[in-house]
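Please examine the model displayed below.

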Amino acid sequence: MAGDIEAIQVQESRIEDAALKAMPADEGYELFEESTAAPVSAEAGKAVLRKLDLHLLPLMCILYGLNYVDKVAMGYAVLFNFRTDLGLHGTQYSWASSMFYFGYLAAQYPANYCLQRYQPQRILSASVITWGILMIAHLGLKNFAGLMVVRFLLGVAESVVSPGFVLYTSMFYTRREQVLRTMLWGAMQGSFSILASLLSFGLGHITNTALKPWMYIFLVLGIVSILTGIGWLFLMPETPNKARFLTHEERIIAVQRVAENMMGVKGYEWKSYQIWHAIKDVKTWLLLAFVLFTQLPNGGLSSFGSLVISGFGFNAFKTLLIGLPSSIVSAGSMVVWGYFSMTHGNLRTWGMMIPLLPAIAGIAAVYGTSGTGANKYGRVVAYWLINSYAVTWPFCLTIVGQNVSGHTKRAVTNTMLFIIFAAGNIAGPFFFRAQDAPKYVLAITIILVCFCISLMCAITLRWWMIRENKRRDAQFGPVESMQDKRDGMRLGMHDKTDLENPDFRYVL
């Protein structure tokens, strides 16, 4: 790593301007060169930030919320004779739950490659419209084979969303601002789960029609998804320098703000050497381990959470309503953590650690009271606490969005990350064996162990980044002057990785 940084050092300056000018530059580089060496004024920066939030966040929140509830809609449908109507038996429901992530896994490399090489705005729009059509296609399903095909294609269609959102957030916001924005759109998982549960509760009461109750769930979500995809195409800008709702001067400020991340804005060249930079980076593997051991539980809880609650002794409608507070825990935790991370800074890795503690306590309580005749409402409260782990996923994404520089390196890191994400969600449902229903003691035990291992991975990641920042300060000196920052910004605008940029410091 030290060799990567030393390779670009010069005697008089950290940057050789002539060499950099010969390199391909990012989108918006011309606007960056129009900016001054002085930092953006607080007033001007806030004015641009308000416009970005107003135009970007509403649609991002809607799309990400739909992305989550569409993938877990089968968990609502299963409460209304979905398995019986399709003739599912044995482990077929588990396979159908996992098949989504087989498609998600298979599409990760092409998805991230396309996001890197082409316009992410159009790719995301096509993705949303496609998965909306696939949601409606559930209405025509008659058997297990058809369900497997649709679920696989749904995973392919949704594979670009999370990496695309990491890309979008890093293109338009500073590193300090990204945390709260990521938490806001990440909180839509819990918020839309509440809406989807209430929607399913209402739709489940529709009887004596040509469509069965579970069909209405897929129909409504599919139509809303298609409309959202069309809105995304026409309303979302491609990059800050092409945002039509900003004036020319505001676009300069928007580009300069993002350049301060030392990660560039958006490049379209695929640089193969950055693949090796992603592979040899220690934090890549710590993140992969963390994702694996949080997504193994997620895969099972997403598909079987409602069945676990019903196993406490509740009917279908009460299960939907009793599950709502767990979504409130998820969404509320994200907003609270996002706010504190923005106001206090350097809470990203803490946000990967502390939310695991109530999750560990909750799952341990559910495990410890299994078969004891404990009050079912007390067990429900313990189960609600488990969902606090959901906040760790957006924080993990902020680590990639803010600490992995180099467009190809970030795309490869995202590819590896979401492959592990998919693998964990594929394996997770199989911990919930049919013979263990309704208590699922084996699955609950495995989830408890996974959460504990995840906690250790997050602690190690924080320690490693602190140590690396201290090493760089000792070797190259702290980055304090605006000129030092400007040099690092220019390297970022020329698509240098965090292993190459001596001014780059990791945010914790």
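Glu-177 is buried, with a relative accessible area of 12%; buried denotes under 20% relative accessible area, exposed over 50%, and partly exposed the range in between, calculated with a 1.4 Å probe on protein chains only. The structure is a predicted model, in which local features require pLDDT of at least 70, side-chain atom pairs count only at pLDDT 80 or more, and totals for chains, interfaces and linings use all residues. Residues are numbered from 1 along each chain as its sequence is written, and side-chain values use heavy atoms, with hydrogens and water left out.

The side chain of Glu-177 meets that of Arg-257 in a salt bridge, at 2.8 Å from N to O. The term salt bridge requires a side-chain nitrogen of Lys or Arg within 4 Å of a carboxyl oxygen of Asp or Glu. Side chains of opposite charge can pair when their charged atoms come close. This pair connects distant parts of the chain, since Glu-177 belongs to helix H11 and Arg-257 to helix H14 (residues 248–259), 80 residues apart. Helices are DSSP runs of H or I with at least four residues, strands are runs of E with at least two, and both are numbered from the N terminus. Arg-257 is likewise buried, with a relative accessible area of 5%.

Helix H11 takes part in a further pairing. Arg-181 forms a salt bridge with Asp-53, their closest N and O atoms being 2.7 Å apart. Distant parts of the chain are linked here too: Arg-181 is in helix H11 (residues 175–186) and Asp-53 in helix H4, 128 residues apart. Both Arg-181 and Asp-53 are buried.

How many salt bridges does a search of the whole structure find? The search finds 14. One of them joins Glu-500 to Lys-496, with the closest N and O atoms 4.0 Å apart. Glu-500 counts as buried at 8% relative accessibility, and Lys-496 counts as buried at 11%. Salt bridges with shared partners also join Asp-281, Lys-283, Lys-409 and Asp-498 into one network.

The chain as a whole provides the setting for these pairs. The protein chain contains 25 helices and zero strands, and 61% of its 508 residues are buried. Among contacts with a separation of 6 or more, 87% are between residues 24 or more positions apart, where a contact means heavy atoms within 4.5 Å.

The core draws at least three residues from each of domain 1 (42–258) and domain 2 (281–477 + 492–507), with domain bounds taken from an automatic or database domain assignment. Leaving aside residues up to four places away in sequence, Trp-393 touches Tyr-64, Gln-189, Val-291, Gln-295, Leu-417, Phe-418 and Phe-421.

Met-188 lies in helix H12 (residues 188–203) and is buried, with a relative accessible area of 16%. With residues up to four places away in sequence not counted, Met-188 touches Cys-61, Gly-65 and Ser-193. Met-188 and Met-334 are 146 residues apart in sequence, and their C-alpha atoms are 9.2 Å apart in space.

What is found at the surface? The accessible surface of the protein chain comes to about 18,800 Å², of which 65% belongs to carbon and sulfur atoms. Accessible areas come from the Shrake-Rupley method with a 1.4 Å probe, and for residues only the protein chains shown count as cover. Ile-223, Leu-227, Ile-230, Leu-233, Phe-234 and Leu-235 make a nonpolar surface patch of about 580 Å². Patches consist of residues with over 30% relative accessible area and no salt bridge, with like charges joined within 9 Å and nonpolar side chains (Val, Leu, Ile, Met, Phe, Trp, Tyr) within 5 Å. Phe-234 is found in helix H13 (residues 213–235) and is exposed, with a relative accessible area of 55%.

Met-262, although not a glycine, has a positive phi of about 60°. Met-262 lies in the loop between H14 and helix H15 (273–280) and counts as buried at 7% relative accessibility. Asp-495, also not a glycine, has a positive phi of about 65°. Asp-495 is found in the segment after helix H25 (482–493) and counts as buried at 4% relative accessibility.
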